[in-house]
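Hi there,

Here is the structure I promised to hand over. Please open it beside this email and follow along.

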Amino acid sequence: MPQTLYVGNGRSKTIAAEIFPKMSGLNITWKSSNTDVATVSSQGVLTAKKNGKTTVTLSVDGITARSAVTVVTPAEDFTIPADVFVEAGKATDAPAPVVYPSNAKLDLTWEVADTVIAEVSGDGKITSHVVGETTITATDSVTGLRRSATLHTIRPVTSIVLQPATLTLLPYQGAQLSAIVSADAFQFENQLVTFTSSNKKVATVDENGWVQAKGAGTAVITAVSENNIRATSQVTVSKATVLKLPSALRTIQANAFSGVAAEVVVLPAGVESIGDGAFANLSGLKLVVVPEAAAQAAKDAFAGTQAVLVRPDGREINPQ
């Protein structure tokens with residue numbers, strides 16, 4: 001039996017069990033240690049009931065085997081980049097997938113079409129061998145969803161241009177940097193580079209070049225390849241008057257902060273309702289950090305201002 005299994009909540013899966021030697025007349029029983037999480041039939045069909053963990057035991061004439069089962073929220077979809085770039089002769093992790101919904105659990109296995117060009121381990125470590133191009137595929141064992149990308153194994157990076165070269169942001173604001181990387185005849189974006197910030201108290205940067213301002217000052221963002229080709233961008237975070245509301249606040253009444261002097265307003269993660277005009281007519285207001293759940297309500301709360309609404313990661317909220 002497999003040592004571990006992931007099953008989507010509300011789904012069924014037949015456990016692949018092999019018995020040696022194969023013969024008829026055996027006394028076979030199946031059991032789940034937590035039937036609230038998942039049940040198992042006399043034929044080894046696992047039915048997931050709710051998220052959690054259980055252990056399924058197969059007994060054959062007194063000999064037992066077990067599988068650790070985890071019931072998870074199944075993915076409706078997931079994506080990986082259309083193109084993946086790896087320097088020939090090097091090893092790297094497969095690209096991180098984006099999963100929908102975000103709380104879903106993937107159990108991915110990876111494969112490469114042409115193992116002369118590159119190989120990939122089951123958990124997604126790519127080892128490239130020679131310069132070339134092939135297909136890499138990720139399969140989710142929970143749902144059976146498969147997504148493929150073109151894997152390019154190339155010669156070392158020859159140049160990087162980081163754009164824009166300068167950024168000026170408010171605290172909590174975010175912006176995307178683009179590292180234009182050249183290698184061989186290829187030119188691509190934000191691949192084969194590592195991003196770092198010289199001052200994380202001023203600005204942070206993620207693995208995809210997304211910058212988020214933290215506090216007033218300057219920071220240098222660097223994109224560097226494994227062969228030490230690098231480029232930089234300078235981030236300046238402006239001083240601003242910040243109104244950060246208490247984390248315990250759940251309800252904001254209508255017109256509660258109308259006319260308050262603030263350039264940046266940070267709403268608490270747990271806010272559940274915001275009254276119309278709660279922050280209306282704040283003439284100096286430039287940026288509002290809004291938790292995802294309150295995004296729709298917040299649009300009427302800032303009537304009469306020119307404020308830009310952003311999520312906690314600094315990404316602008318679509319006004320539609």
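This is a predicted model: local features need pLDDT of at least 70, side-chain atom pairs count only at pLDDT 80 or more; totals for chains, interfaces and linings use all residues.

Residues are numbered from 1 along each chain as its sequence is written, and side-chain values use heavy atoms, with hydrogens and water left out.

A nonpolar core is a set of buried Ala, Val, Leu, Ile, Met, Phe, Trp, Tyr and Cys residues joined through side-chain atoms within 4.5 Å. Buried means under 20% relative accessible area (1.4 Å probe, protein chains only). The largest such core here has 26 residues, and I160, A179, F195, V211 and V235 have the most contacts inside it. Strands (DSSP runs of E, at least two residues, numbered from the N terminus) that each supply at least two residues of this core include β17 (159-163) and β25 (217-224). A second, separate core of 21 residues includes V112, A118, V120 and L145.

Now look at β22 (residues 194-197). Strands pair if DSSP finds at least two bridges between them; β22 and β25 do so in the antiparallel sense, over four bridges. There, A223 of β25 is the bridge partner of F195.

Finally, β10-β14-β13 is the order of three strands in an open, antiparallel sheet. Its edge strands, β10 (91-93) and β13 (118-120), each pair on one side only.

Happy exploring!

Terms used
Buried means under 20% relative accessible area, exposed over 50%, partly exposed in between (1.4 Å probe, protein chains only).
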